Amino acid sequence: MLRLNLLEETRFEKLPVRIFENEAEASKVVARRISDLILTRQQQDKMAVLGLATGVTPIKVYAELVRLHKEEGLSFRNVVTFNLDEYYPMKPDAEQSYVTFMHENLFKHIDVDPANIHIPDGTLDRNEIEAFCLNYEQQISDLGGLDLQILGIGRTGHIGFNEPGSAPNSGTRLVTLNDLTRRDAARDFGGKQNVPTKAITMGIGTIFKAREIILMAWNSKKAPIIRKAVEGEISSDVPATYLQLSENVEFILDKDAASDLTRFNAPWLVKDCVWDAALIKKAVSWLSEKVDKPILKLTVEDYNNNGMAQLATEKGPVYDLNIDIFNKIQQTITGWPGGKPNADDSRRPERALPAKKRVVVFSPHPDDDVISMGGTFIRLADHGHDVHVAYQTSGNTAVWDDDALRFVEFSIDFCRKQNLDLNCQEELYRKMKDFLSAKKPNQPDLKEILEIKGLIRKGEATAAARFVGLPDENIHFMDLPFYDRGKVSKVKDHEDDIQQTMNLLKEIKPHQVFAAGDFADPHGTHKVCFDIVLTALKRLKQTEDWVKDCWLWLYRGAWHEYAIHEIEMAVPLSPQEVERKRFAIFKHQSQKDRPVFPGDDSREFWVRAEDRTRETANAYNQLGLAEYEAIEGFSRWRF
């Protein structure tokens, strides 16, 4: 019976999937499978032939293999490796080279024979590539094929660098990279313009010949493409769907990467559910959107015809269900994000008391506050709350080099006008020009240049916060150490960041904290900043009484919005408030028109913000609620 239930639950899935609580747990399982293969081959006096991947996904697998080597004596002397791909052109000693990646993360820490390491050569002349690729394939064949191929997956659905349009029988070859793939790699190269347009990659046909294939994916950013790969139709538009044809493949995911699979995203379609309030709200919202009807017009037939007969039977009648969910969603809407004084707050998202709250808005980058919750930020200040903003990082990597030069030139011209000493500034200017004229892609800036870029963003953030209505003493620039430390060190110790955050929170003692919950941020800064804030609050809760009355609200918007069923506070904006928010965003001039790291959305940040909040308002309206110009959505984190 258990097996039958599992088959029913996974009936939309066209290949085997194993799901783990987190990336670390899953990575250890994959590393152990590799270890077992190596040991089995050792007992057989044979070589273990491994196909290896690069990128963020396998890093913890490689770290566990290194641990197994150093602590448990796992030897790699009988291992031959073939890497999936390499950028072209690419020097092997470049920071972005997969040769560098593999040696830093694995090879230099284990006893593998260097002669047994094979990585596509990014230094070849174009006329040498075809022969190299044929030889690469032949070397794999001569060893009897790959025993195990490790894969990640790109957001285009690529495996290796087999981009959309790749053939299922393709071999090792030179390919052109998809624009989204290059945008995703932009940060590693100091901008998309520096990312190579081509790569040498194993083909899908080569991958298919492996006796075992493991595709790994972590975090919610991969969830949409994982669903297409696992549940979608086989198509060259999503090369990973070709893996559905293999009898030797398994997808190993963490729960976030699996979150869009039907058994998690719409479980009522595959099994009987335990219907709690959150799941009912999600299901009814989903049904309303699917059949394109307002909630109050949904019928029994709509429920029965869309996999929700159990809900209608157990929790009906349907019309009562509709009214209940309609009211719950309507009650998330409030024009008083700090709570409405002298009002019954039993059905409002925020408390009425205290009437004037102390509020801290944490902004990972110096513009996330106004981009993601600028309308609410303005509303809180207008309502007279004691609002503080804390800019967690300097954001100094996201300023163009010529902007930094321009500000120094302005300073020199100003000093000339005032007959002030110029020696120091002119020397700095010459030093900057010399460095920038020879600067390589992704090369760290001089300390002085980083300071200038940080000051540019500080000035913009100050102007925006003043425009919102904050006094200067309520504007805090934290410049958390992890941000600059991460540019020169891989050590991820955030204790000093946490202590600094705790000190600020103890000073303000807020009733409300707003923090970025937009973990789709492609650079990872939002997640790090959130974890620091959450850890600080959890620690303070043990000793500080005020924390018990502090509510933590998460905002999104710069990269991704909340779905309706996730929103617990919806702040509607009038056309005038949308315009005020836009002007606040405009204060961040270095991020306007063409930011250094735009992610995979070509729209300017202010356009994204307006479009996404307008889409949220439209989604509320389509459920049958009032029509607003825009809505900013928030979810409460109960720590």
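Modeller: Two strands pair if DSSP finds at least two bridges between them. Strands (E, at least two residues) and helices (H or I, at least four residues) are DSSP runs, numbered from the N terminus. By that reading, β4 and β8 pair in the antiparallel sense over four bridges, and Y87 stands opposite A199 in β8. Please note that the model is predicted, so that local features need pLDDT of at least 70 and side-chain atom pairs count only at pLDDT 80 or more, while totals for chains, interfaces and linings use all residues. Residues are numbered from 1 along each chain as its sequence is written, and side-chain values use heavy atoms, with hydrogens and water left out.

Colleague: What is the strand order of the open sheet of three strands?

Modeller: Strands of a sheet pair through backbone hydrogen bonds, either parallel or antiparallel. Here the order is β4-β8-β7, with antiparallel pairing. The edge strands β4 (85–88) and β7 (173–176) each pair on one side only. Four bridges join β7 to β8 (residues 198–201), and A199 is the bridge partner of V175.

Colleague: Are the residues on the faces of β4 buried or exposed?

Modeller: In a regular strand the side chains alternate between the two faces of the sheet. Buried means under 20% relative accessible area, exposed over 50%, and partly exposed in between (1.4 Å probe, protein chains only). D85 and Y87 on one side of β4, and E86 and Y88 on the other, are all buried.

Colleague: What is the order of the open sheet of seven strands?

Modeller: The order is β13-β12-β11-β14-β15-β17-β16, and the pairing is mixed. β13 (475–477) and β16 (569–573) stand at the edges with a single partner strand each, so one side of each is left without a neighbour in the sheet. Within this sheet, β14 (residues 512–516) and β15 (residues 551–555) run parallel and are joined by five bridges; A516 has Y555 as its bridge partner.

Colleague: How many aromatic pairs does the structure hold?

Modeller: Rings of Phe, Tyr and Trp (its six-membered ring) pair if their centres lie within 6.5 Å; planes under 30 degrees apart count as stacked, over 60 as edge-to-face and the rest as tilted. The structure holds 15 such pairs. The rings of Y98 and F161 have centres 6.3 Å apart and planes at 20°, so this pair is stacked. Y98 lies in helix α4 (residues 98–105) and F161 in the loop between β6 (148–151) and β7, 63 residues apart.

By contrast in geometry, F530 and W637 are edge-to-face, at 4.9 Å centre to centre and 70° between the planes. F530 is buried, with a relative accessible area of 2%, whereas W637 is partly exposed at 33%.

Colleague: Where does the charged end of K592 sit?

Modeller: A charge sits over a ring if NZ of Lys or CZ of Arg is within 6 Å of the ring centre and within 35 degrees of the ring normal. The charged end of K592 sits over the ring of F586, 5.1 Å from its centre. The charged end of R351 is placed over the ring of W551, 4.2 Å from its centre.

Colleague: Which residues line the second largest cavity?

Modeller: On a 1 Å grid over the protein atoms alone, a cavity is a set of points where a 1.4 Å probe fits but cannot get out; lining residues have an atom within 4 Å of a point. The lining comprises D367, I371, I585, F586, H588, Q591, K592, E604, F605 and W606.

Definitions and conventions:
On a 1 Å grid over the protein atoms alone, a cavity is a set of points where a 1.4 Å probe fits but cannot get out, and a pocket is an open set with protein on both sides within 12 Å along at least five of seven lines; lining residues have an atom within 4 Å of a point.
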